[in-house]
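This briefing is meant to be read alongside the sequence and the coordinates. It takes the overall fold before turning to individual elements and residues.

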Amino acid sequence: MKASANKYQDYSVNDFDKFDCLKLSKRFYLTLIFILRGYLVWLMSVTNMRDRVATIEWLYPEKNLFFLSLASGVLGLFVALILSLRKPDAPTWVKACWSHCRAILVIALLFDLLINLIAFYVWQLQSISWLITQGVIVVTLITVCFTSKRIQLNLAEFPETLPEK
């Protein structure tokens, strides 16, 4: 019981948001950014007024790799949606899904790795060095998702309306 009473002892007042919830872990955002990298590249290419496809072609020399990255990022979009709806008046389905976001992120990471394995072994679209690098990144991010105390606290909390002071 004593451990649960002191679970916030390592955090200062600045670590909490306006709903008295612990601000989301930077590691959570880092994992989400990795999953959504295809969409981020797409956004960067759309904002490039001179050559809208150059950024995509530079980062994804094979067009199919870009589309596979978009497909593997769909679960990340779902987590981003839940994150954007995470507020006191959120629908019940958002509250129900919030506590499962870590599992969704891990599934998204594994799905992304699976798609890249298929791209390598079936279609020969990936290099072995990128595949190994991605495997290391995925294992590291999954480990972070399960070992980060802050992520565990984030998923246990949900914003509630606070009484006026």
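Two residues are said to be in contact when heavy atoms of theirs lie within 4.5 Å. With that in mind, and with the reminder that this is a predicted model, one may begin with Glu 157, which, leaving aside its neighbours within four places in sequence, is in contact with Tyr 8, Asp 20, Cys 21, Leu 22, Arg 86 and Trp 98. The points below place this residue, and several of its partners, within the chain as a whole.

**Overall architecture**

- The protein chain has ten helices and zero strands, and its pattern, read along the sequence, is accordingly written α-α-α-α-α-α-α-α-α-α.
- Along its principal axes, the C-alpha trace of the protein chain spans about 55 × 35 × 30 Å.
- Of the 165 residues in the protein chain, 40% are buried, while the accessible surface comes to about 10,300 Å², with 66% of that area belonging to carbon and sulfur atoms.
- When contacts in the protein chain between residues at least 6 apart in sequence are considered, 69% of them join residues at least 24 apart.

**Helix packing**

- Helix H5, which covers residues 63–72, has as its buried residues Leu 65, Phe 66, Leu 68, Ser 69, Leu 70 and Ser 72, and these pack against H2, helix H3 (37–47), helix H4 (54–59), helix H6 (74–85) and H8.
- Helix H10, which covers residues 149–156, has as its buried residues Arg 150, Ile 151, Leu 153, Asn 154 and Leu 155, and these pack against helix H2 (26–35), helix H7 (92–98), helix H8 (101–121) and helix H9 (128–147).
- Leu 117 is found in helix H8, where it counts as partly exposed because its relative accessibility is 31%; from C-alpha to C-alpha, Leu 117 and Cys 145 are 22 Å apart in space and 28 residues apart in sequence.

**Glu 157 and its partner Asp 20**

- Glu 157 lies in the segment after H10, and although this residue is buried, it has no salt bridge, the nearest side chain of opposite charge being that of Arg 86 at 4.7 Å.
- Asp 20, one of the residues in contact with Glu 157, lies in the loop between helix H1 (2–5) and H2, and counts as partly exposed because its relative accessibility is 48%.
- The phi angle of Asp 20 is near 60 degrees, a positive value in a residue other than glycine. Most residues other than glycine have a negative phi.

**Cysteines**

- Which count of disulfides results when a pair of sulfur atoms must lie within 2.5 Å? The count comes to zero.
- Cys 21, which is also among the contacts of Glu 157, has its closest cysteine sulfur in Cys 101, at 14 Å, and this separation is too far for a bond.
- Cys 21 counts as buried because its relative accessibility is 4%, a value that falls under the 20% cut-off.
- For Cys 97, the closest cysteine sulfur is likewise that of Cys 101, and since the distance is 7.2 Å, this pair too is too far apart for a bond.

Key:
Residues numbered from 1 in each chain as written. Predicted model: local features only at pLDDT ≥ 70, side-chain atom pairs only at ≥ 80, totals over all residues. Heavy atoms only, no water. Buried < 20%, exposed > 50% of the residue type's maximum accessible area, 1.4 Å probe, protein only. Helix = DSSP H or I, 4+ residues; strand = E, 2+ residues; numbered from the N terminus. Areas by Shrake-Rupley, 256 points an atom, 1.4 Å probe, with all protein chains shown as cover. Disulfide = S-S within 2.5 Å. Lys, Arg positive; Asp, Glu negative; His and termini not counted. Salt bridge = Lys/Arg side-chain N within 4 Å of Asp/Glu carboxyl O.
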